[in-house]
Amino acid sequence: MSSSSSSMARASSSSSSIVANSASGSHVLKIDGYTRTKGLATGIHLRSCSFRVGGHSWHLAYLPNGDTEQNADFISFFLVLEDPPANGAPVLAQFCVALLDRAGKPVPSQTQAHPVTRFTATAAHWGFNMFIRRQMLERSRYLNPKDDSFCVRCEVSVVTGFHAEDAASVAAAAAAAKAAAAACVRVPPSDLSRNFGELLRSELGADVRFRVEGEDFAAHRYVLAVRSPVFMAQLFGAMKEAKGDCWVEIDDMRADVFRNFLHFIYTDELPKPDEPNNNEEALMAQHLLVAADRYGMERLKLMCEDILCKHIDVSTAATTLALADQHRCQGLKEACFQFLKKSPGSLNAVMATDGFDHLANSCPAIIKELMSRLAATHSN
């Protein structure tokens, strides 16, 4: 028997969905002069103007004293179908009624929803006989005392038919609807750093002040403590019981460095210079690295290392290597070693600088490590 005659037909599969078509609409009803409507007897209703949804006419019935004696303490609302089909076919609809706040927004705790319901000639009204207790409304902020009014909104969705769709079409439509919904909202980037920057500049609520090179800086001890474990110990340890503003004298930092340091504490970013200057950027990064290490701010320390890695040259390699060794900056230290290992010419030029003399005197161990690495490179 040939292979073609013995082959079996592959099983096929498919799927589809029954989808309900619908039409939606809403109507806002304002009860103007609420107190006067309370004089109506229980079971008496006032009707809204007619509105159309799904090819049918509707109105809201407002019963200020409930629909029965048992519900006389409540306000009732009913949705009424005005034109039920003559052939007796039901109109399928779901709806909700929501009390609105002064801004016209639904109050979630005072919103009631009805599932899909069959409206017919003999059952043309459905709703909520205990929508809200009158006493609760009168004590709430939703009853406007200026004109003795309140508003409700009725949302109606009428089923207009049904149709079948294959699963792929349903999935594509759902994806398109999701994409369209996502496009309706654009979330702006976080402005937290800008807000905290404004807080620093405004000095509003500042309760700690620093004096650096004769210049005063105001700050907030809770912000400092959250950002730095050293400030946490300092400001909520020895200075915790200080009355009013506490003063801190800083003797070993430049005022411009401290200003940039505070800017980073509040905004988590370094200020951008008015005019880019590579030498100034590198020098500021050196000072900020020392401050970051002193106050336990690891992210700032790594940011400064990254800046200094980009400024390593013959004139800065030795001093940068000394700085990296003194402040345990392994990445920056490795970058300096890589620069010095590139060519004997670079090393010779670096050794001729004053910075190398400083490195040899202050960090003798690093010289030994450098020689060991160069020897290993040479042997390889």
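Student: Are Phe95 and Phe128 buried or exposed?

Tutor: Please keep in mind throughout that this is a predicted model. A residue counts as buried when its relative accessible area is under 20%. By that criterion Phe95 and Phe128 are both buried.

Student: What kind of aromatic pair do Phe95 and Phe128 form?

Tutor: Phe95 belongs to strand 6 (residues 91-100) and Phe128 to strand 8 (residues 125-133), so their pairing ties together parts that lie 33 residues apart in sequence. The ring centres of Phe95 and Phe128 are 5.7 Å apart, with 55° between the planes. Planes under 30 degrees apart would count as stacked and those over 60 as edge-to-face, and the pair of Phe95 and Phe128 is accordingly classed as tilted.

Student: Why is the pair of Phe231 and Tyr295 stacked?

Tutor: Phe231 lies in helix 7 (residues 229-238), whereas Tyr295 lies in the loop between helix 9 (278-294) and helix 10 (298-309). Phe231 is buried at a relative accessible area of 0%, and Tyr295 is also buried, at 4%. For stacking, the planes must be under 30 degrees apart. The ring centres of Phe231 and Tyr295 are 4.5 Å apart and the pair is stacked because the angle between the planes is 20°.

Student: Which residues do ring pairs link into a cluster with Phe231 and Tyr295?

Tutor: A search of the whole structure finds 14 aromatic pairs. Ring pairs connect Phe231 and Tyr295 into a cluster with Phe210, Phe217, Phe258 and Phe261.

Student: In what order do the 4 strands of the open sheet lie?

Tutor: Strand 1 (16-32) and strand 7 (106-119) are the edge strands, each pairing on one side only. Strand 1 pairs with strand 9 (residues 149-166) in the antiparallel sense over 17 bridges, and within that pairing Ser26 has Glu155 of strand 9 as its bridge partner. The pairing in this open sheet is antiparallel, and the order is 1-9-6-7.

Student: Which strands of the sheet does helix 4 touch?

Tutor: Helix 4 (residues 167-183) packs on the sheet, and its direction makes about 150° with that of strand 9. The strands that helix 4 touches are strand 1 and strand 9.

Student: How far apart are the end C-alpha atoms of residues 24-156?

Tutor: UniProt, in an unreviewed entry, lists residues 24-156 as "domain: MATH". This span is 8% helix and 53% strand. The distance between the end C-alpha atoms of residues 24-156 is 6 Å.

Conventions. Residues are numbered from 1 along each chain as its sequence is written. This is a predicted model: local features need pLDDT of at least 70, side-chain atom pairs count only at pLDDT 80 or more; totals for chains, interfaces and linings use all residues. Side-chain values use heavy atoms; hydrogens and water are left out. UniProt positions are given in the numbering used here, feature names are shortened, and annotations may be inferred rather than shown by experiment. Helices (H or I, at least four residues) and strands (E, at least two) are DSSP runs, numbered from the N terminus. Two strands pair if DSSP finds at least two bridges between them. Contact means heavy atoms within 4.5 Å. Axes are lines fitted to C-alpha atoms, for helices over the stretch in contact, and angles run from 0 to 180 degrees between N-to-C directions. Rings of Phe, Tyr and Trp (its six-membered ring) pair if their centres lie within 6.5 Å; planes under 30 degrees apart count as stacked, over 60 as edge-to-face and the rest as tilted. Buried means under 20% relative accessible area, exposed over 50%, partly exposed in between (1.4 Å probe, protein chains only).
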